[in-house]
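Please look over the sequence and the model below before reading the briefing. The notes are grouped by topic for a reader who wants the cut-offs stated next to the terms.

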Amino acid sequence: PLLSQNSQNLTFTDEERDALTHRIQFGGDEVVKAKDGAGSATLSMAYAGAKFTSRLVSAMNGENNVVECTFVESTVTDAPFFSSRVTLSAEGVGEVHGLGDLSDFEKQGLEEVIPALKASYDKGVDFVKNN
């Protein structure tokens, strides 16, 4: 998460940043534990999908400056796909925005995650090719 870019311009201590980052990254696990292993965070994913779809339909119906985050093919990082802010248009993704200014903590996290994202992408491509 890019907590340094939050819309309220809030700042966090290193401890707060670390705790928030962990909760954001592992929130699904927290839901599974709370449900005692009897489910997952599917409602959260469904809500995110519904919200994105609603905003995409708005853009397709002519609303301007519709900006949302999505996992999209891009050159923002070395990974072929990355979750980024995009401006939606009648044709779909009109513009993929860059990452903006990152804190040192965020730069380090990005460097650490790119190899895993690339490996995940390669695994998915291999699966499609072989099935």
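What follows covers pockets, nonpolar cores, aromatic pairs and a few individual residues.

This is a predicted model, in which local features need pLDDT of at least 70 and side-chain atom pairs count only at pLDDT 80 or more, whereas totals for chains, interfaces and linings use all residues. Residues are numbered from 1 along each chain as its sequence is written, and side-chain values use heavy atoms, with hydrogens and water left out.

**Pockets**

- The largest pocket holds about 840 Å³ of space; a pocket here is an open set of points on a 1 Å grid over the protein atoms alone, where a 1.4 Å probe fits, with protein on both sides within 12 Å along at least five of seven lines, and its volume is the space filled by probe spheres set on the points, which are joined across faces, edges and corners.
- Its lining consists of 24 residues, of which Pro1, Leu2, Gln25, Phe82 and Ser83 are the closest to the centre, a lining residue being one with an atom within 4 Å of a point.
- Two or more lining residues come from each of α1 (14-25), β1 (66-73), β2 (81-89) and α4 (104-130), where helices (H or I, at least four residues) and strands (E, at least two) are DSSP runs numbered from the N terminus.
- Helix α4 supplies the largest share of this lining, with eight residues.
- By residue class, the lining of the largest pocket divides into twelve nonpolar, nine polar and three charged residues, with Ala, Val, Leu, Ile, Met, Phe, Trp, Tyr, Cys and Pro taken as nonpolar, Asp, Glu, Lys and Arg as charged, and the others, Gly among them, as polar.
- The second largest pocket holds about 190 Å³ of space and is lined by Ile24 and Ser44.

**Nonpolar cores**

- The largest nonpolar core has six residues, namely Ala79, Phe82, Leu99, Leu102, Leu110 and Ile114; such a core is a set of buried Ala, Val, Leu, Ile, Met, Phe, Trp, Tyr and Cys residues joined through side-chain atoms within 4.5 Å, and buried means under 20% relative accessible area, exposed over 50% and partly exposed in between, with a 1.4 Å probe and protein chains only.
- Apart from that core lies another of five residues, among them Ala59, Val66, Val72 and Leu88.

**Aromatic pairs**

- The whole structure contains two aromatic pairs, a pair being rings of Phe, Tyr and Trp (its six-membered ring) whose centres lie within 6.5 Å, with planes under 30 degrees apart counted as stacked, over 60 as edge-to-face and the rest as tilted.
- Phe71 and Phe81 form a stacked pair, at 6.0 Å centre to centre and with 25 degrees between the planes; because Phe71 lies in strand β1 and Phe81 in strand β2, this pair ties together parts that are ten residues apart in sequence.
- Phe71 is exposed, with a relative accessible area of 55%, while Phe81 is partly exposed at 26%.
- Ring pairs link Phe71, Phe81 and Tyr121 into a cluster.

**Individual residues**

- Most residues other than glycine have a negative phi.
- Asn9, in the segment before α1, has a positive phi of about 55 degrees and is exposed, with a relative accessible area of 68%.
- Asn65, found in the loop between α3 (42-60) and β1, has a positive phi near 55 degrees and is exposed, with a relative accessible area of 67%.
- Thr87 lies in strand β2 and is buried, with a relative accessible area of 17%.
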